[in-house]
Amino acid sequence: MTSDPLLAWRQHFPITQRANYLINNSLGAMPAGARASVTQFLDQWESRGVRAWGDGWWVLQEQFGALLEGILGVPERTVSMHQNVAVALEMILSCFDFRSAGPRNRIVYSERNFPSDQYIYEAQVRRGAELVRVPGRDDGIGLDLQRFLDAIDDRTLLVAIDHVLFRSSWIVDAAAIVEKARRVGAFVILDTFHSVGIVPLKLREWGVHAAVGGALKWLCGGPGNCFLYVDPDERSRLMPTFTGWAAHKQPFLFSTKGQDYRDDGGRFFTGTPNVPALAAGMAGVAIVAEVTVGAIRARNRQLTQLLLQEAGRQGLPSRSPADPAQRGGHVALDVPDGYAVCQTLAAEEIVVDFRPDAGLRIAPHFYNTEDEVIAAVRRIRTILDTRAHERFRQQERRPG
Ligand SMILES: Cc1ncc(COP(=O)(O)O)c(C=O)c1O
């Protein structure tokens with residue numbers, strides 16, 4: 001084990017004591033502090049009942065949002081919390097009326113975007129949107145940037161891109177895409193789920209109009225804590241049809257005179273906040289804020305570089321960019337019988353994931369050691385050589 005200073009944080013993440021936890025692009029490790037926060041939430045509910053709203057529950061989502069604003073480097077009160085990215089995306093899409101947009105009714109997106117996001121854009125056809133789905137590069141790894149830029153024109157209402165591609169870990173040139181979109185008057189929605197917490201973001205500098213993402217991956221903030229950032233300069237013209245009383249300027253007036261949208265990021269709230277998730281998630285995000293994304297990125301680059309070198313030695317091809325500047329936080333290895341190998345590793349407490357057309361995704365965080373990364377790669381080689389994954393191959397063939 002090396003003496004990297006960030007390893008001092010390892011003790012705060014109990015799962016690292018019992019597992020080689022390399023799946024931080026999917027679900028970051030739980031920090032020990034999360035248990036205390038959830039216990040506090042339960043104590044408040046038990047002892048204070050409904051008064052707990054006034055004791056802090058009601059404003060918890062704004063406190064969580066403020067932590068994220070710091071990590072995202074965006075102005076205060078520009079982030080709203082949502083249960084998942086699907087909800088956050090539906091929220092921003094509900095601000096657009098494709099039918100009254102005339103010829104500017106197109107959504108330009110990449111076939112490499114996360115499938116769930118694609119389902120959501122594609123559903124907008126029923127609301128009058130026209131779709132422009134841009135193919136990725138033939139190598140299966142990246143985007144063809146020029147082709148994507150060329151697809152954006154004065155008929156484009158929305159441009160929807162993933163910042164880091166979920167299969168290959170390719171970093172998309174968000175700045176170039178936003179620049180083109182702004183030139184023709186289109187609005188950009190950037191999905192940062194695979195970059196937030198691991199790749200520094202410059203949303204303001206790039207001019208991104210809206211961004212979605214979540215805390216459960218690299219931010220170690222558990223499920224149920226996703227977010228929507230909206231450029232404050234765009235906010236006042238956006239009137240979400242997906243709304244609720246928490247988005248009202250004075251929710252406790254219970255006015256029946258119609259929605260009076262808040263003037264800050266709370267404009268994109270819906271109803272009652274998801275207090276248990278928020279309580280569980282803040283400890284992890286606070287740690288990432290303290291460690292800083294810059295330091296995490298530097299460490300991750302070392303570890304993924306090491307991983308790729310070892311994979312090369314073991315004859316395991318990568319489906320991620322070789323250039324660390326082009327690569328996000330995980331590395332995808334093209335391994336035969338990937339699903340079965342993944343299951344075999346999990347049974348041995350080596351936790352990575354498998355995705356079709358990606359392979360085994362291995363995602364080291366700041367609490368992982370170099371030894372762990374090398375051990376995982378070597379074990380994959382041995383599993384393949386000894387066919388230790390055979391029993392899981394049979395399982396995979398079973399229906400259901
Ligand atoms: C890039 C990206 N976008 C969207 C999603 C879907 O997010 P949710 O389940 O929060 O809607 C995921 C899930 O992993 C993702 O990786």
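This is a predicted model: local features need pLDDT of at least 70, side-chain atom pairs count only at pLDDT 80 or more; totals for chains, interfaces and linings use all residues.
1. Start with β2 (79-82) and β8 (226-230): these two strands pair in the antiparallel sense over four bridges. Strands here (E, at least two residues) and helices (H or I, at least four) are DSSP runs numbered from the N terminus, and two strands pair if DSSP finds at least two bridges between them.

2. Residue numbers run from 1 along each chain as its sequence is written.

3. Now zoom out to the sheet. It is open, with seven strands in the order β2-β8-β7-β6-β5-β3-β4 and mixed pairing. β2 and β4 (130-134) are the edge strands with a single partner each, so one side of each has no neighbour in the sheet. On average, neighbouring strands are turned by 20° against each other, direction ignored.

4. Over at the β4 end, β3 (residues 106-110) pairs with β4 in the parallel sense over five bridges, and Val108 stands opposite Val132 in β4. Five of the five residues of β3 are buried, meaning that 20 or more other C-beta atoms, placed from the backbone, lie within 10 Å of a residue's own. Arg106, Val108 and Ser110 point one way from β3, while Ile107 and Tyr109 point the other way.

5. For the helices, have a look at α5 (residues 85-93) and α6 (residues 115-123): their axes come within 10 Å and cross at roughly 30°. Axes are lines fitted to C-alpha atoms, for helices over the stretch in contact, with angles from 0 to 180 degrees between N-to-C directions. The two helices are therefore roughly parallel, the word used for angles under 35 degrees.

6. Who touches whom? Ala86, Leu89, Glu90 and Leu93 in α5 meet Ser116, Asp117 and Ile120 in α6, contact being C-beta atoms, placed from the backbone, within 7 Å.

7. α5 also has a buried set: Val85, Ala88, Leu89, Met91, Ile92 and Leu93. The buried residues of α5 pack against α6 and against strands β2, β6 (187-191), β7 (210-214) and β8, which brings us back to the pair in point 1.

8. Last one: helix α8 (residues 174-184) lies across β5 (156-162) and β6, running at about 175° to β5.

Conventions. Angles under 35 degrees count as roughly parallel, over 145 as roughly antiparallel, 65 to 115 as roughly perpendicular and the rest as oblique. Two residues are in contact if their C-beta atoms, placed from the backbone, lie within 7 Å. A residue is buried if 20 or more other C-beta atoms lie within 10 Å of its own, exposed if 12 or fewer, and partly exposed in between; C-beta atoms are placed from the backbone.
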